[in-house]
Amino acid sequence: MMKGLKKWRLFSLLAVMTVFLSACGEEYISTLTPAGPVGREQLNILLLATAIMTLVVVVVSVIYLLAFVKFRRAKVGENHMPKQVEGSHTLEVIWTVIPIILLLILAVPTLTATYKFADVAAMDEVDEDGNKTALTVNVTAKLYWWEFEYPEQGIVTAQELVVPTDEKVYFNLIAADVKHSFWIPSVGGKMDTNVENINKFYLEFDKESEGLKDGVFYGKCAELCGPSHALMDFKVKTLDRASFDTWVAAMQATEGATADANSTDAGEAAFANSCLMCHAVSGSGAAGAPGPNLATFGDRNRVAGFMKHDVENTTEWIMDPEEYKPGNLMTGMYKVSPEEAEAIAEYLMTLSVEK
Ligand code: CUA
C-alpha cells in the first residue's frame, strides 16, 4: 500500500512538471530557442555554466562513491588506519587550482559578453545629414503596461513593440512608477527598468515573428512589481526592414487623429467622452500619456496584454478592469454602461495602421 502511494506521488510530481515545462522550447517565448545573437550568446553561457557544474557534481559524486565502496570496514579490516594526508602540499594545490581554472573558464566569456551587450556607443552615431544611424526605442514600464516610443521617428505605441529584423535595436529603459524588468525570453534580456536612471542595451532579432504560433514573440515583466505583475505582458512583432518602414510611415500618418464626441458612431462618441483624456488614438507624438496609446489597438494580439483579442473581452475589460488586472490604474477612472462599453470595444477594433 505504502509503495503504491509513493509511486503515485512520484507520478503526480512528474505530471505537474510536464505541465510546467510544456512551454519550454517554444520559440516565441523560450530562452532555449534563441531568435537572435544576444539570446544565443546568453544561452551559450548558461550551457557552459551548467556543464561546469555538472562536471563538478559528477566528479565529486564518483570520488565519494569510490571511497564509500573501497574503504568499507568489512573490506579493509577493523584495525586499518588509512594513510594520513593532513597538510599535504600536493592535495592543497590541486583543490585550489582546479576551482580557479573552472572559474576562469566561466568568467572570461561571461565578462566579455556582459561588456559587449552593454556597448551602446552606436546609439549616438549620426550620418552626414545628422540623422541617427541606429534605431532607438524608449521603453517606459508602467503599472501594468509598456510604452514604446521611437524618438527619431516621432511615433509612440503601447503593449506591442514593433522592430525590424537583422539589425541592432537600441533600448533606453526606464520605469514610471516602481521597478520593473524588460525581458523578451527568446531574444534576450532581461534588464531592469528603474525609476531614477536609464538603463541601455541592445537586442538583435533575426527571425520574422509572422510564422510563430501567435505571430509575435512574448515579452514579460521580470521584476515583482505588484498584484498584476504576472499579467504585465507585451508582444513583439518583428518585420523585415521594408515592412517596418511601411509600419512607421502608417504610424506617422495617424498624426492629428482623434475621437469626435459628436460622432454618429456611438462607440467613438462614448470613447471621446470617457477615454480620450488618458488614451490617444494617434500614434504620432511622444511618450508620457497617462494610458496606453490605442492607435494600433485593432492590430494587437491581446487585450490588456494577455486576454484573447476580441470585442467580448475588450468589453469585459472596459466594464471591470480591476477584475482582470488587480491594482491597475484604469480602475475607477470613468463610468460607462454595458452598451457603451461594447460600442467602445467595437470602435477600438477599427483603430489600425496595418489593415
Ligand atoms: Cu512590472 Cu512586474
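Which exposed residues does the face of α5 turned away from its buried side carry? That face carries Ala 242 and Thr 246, where exposed means over 50% relative accessible area, buried under 20% and partly exposed in between (1.4 Å probe, protein chains only). This is a predicted model, in which local features need pLDDT of at least 70 and side-chain atom pairs count only at pLDDT 80 or more, while totals for chains, interfaces and linings use all residues. Residues are numbered from 1 along each chain as its sequence is written, and side-chain values use heavy atoms, with hydrogens and water left out.

Helix α5 covers residues 241–252; helices (H or I, at least four residues) and strands (E, at least two) are DSSP runs, numbered from the N terminus. Its 12 residues should span 16 Å at 1.5 Å a residue, and the end C-alpha atoms are 16 Å apart, which agrees. The expected span here is 1.5 Å times one less than the number of residues. At the start of α5, the backbone nitrogen of Ala 242 has a side-chain oxygen of Asp 240 within 3.1 Å.

The buried residues of α5 are Phe 244, Trp 247, Val 248 and Met 251. Seen down the axis of α5, these buried residues fall within an arc of 100 degrees, so they line one face of the helix; the arc is that of the directions from the helix axis to the C-beta atoms. An α-helix has 3.6 residues a turn, so residues three or four places apart point the same way.

What do the buried residues of α5 pack against? They pack against β1 (135–142), β2 (145–150), β3 (155–158), β4 (160–164) and β10 (234–239), contact meaning heavy atoms within 4.5 Å. The helix α5 lies across β4 and β10, running at about 130 degrees to β4. Axes are lines fitted to C-alpha atoms, for helices over the stretch in contact, and angles run from 0 to 180 degrees between N-to-C directions.

Strands β4 and β10 belong to an open sheet of five strands with mixed pairing, in the order β4-β10-β9-β6-β7. Two strands pair if DSSP finds at least two bridges between them. Strands β4 and β7 (188–193) are the edges, each pairing on one side only. From one strand to the next, the twist averages 25 degrees. Strand β9 (residues 217–221) runs antiparallel to β10, joined by three bridges, and Phe 217 stands opposite Val 236 in β10.

Strand β1 is joined to β5 by seven bridges, and the two run parallel.

Definitions and conventions
A polar contact is a pair of N or O atoms within 3.5 Å; within protein, one must be able to donate a hydrogen and the other to accept it, and residues adjacent in sequence count only if both atoms are side-chain atoms.
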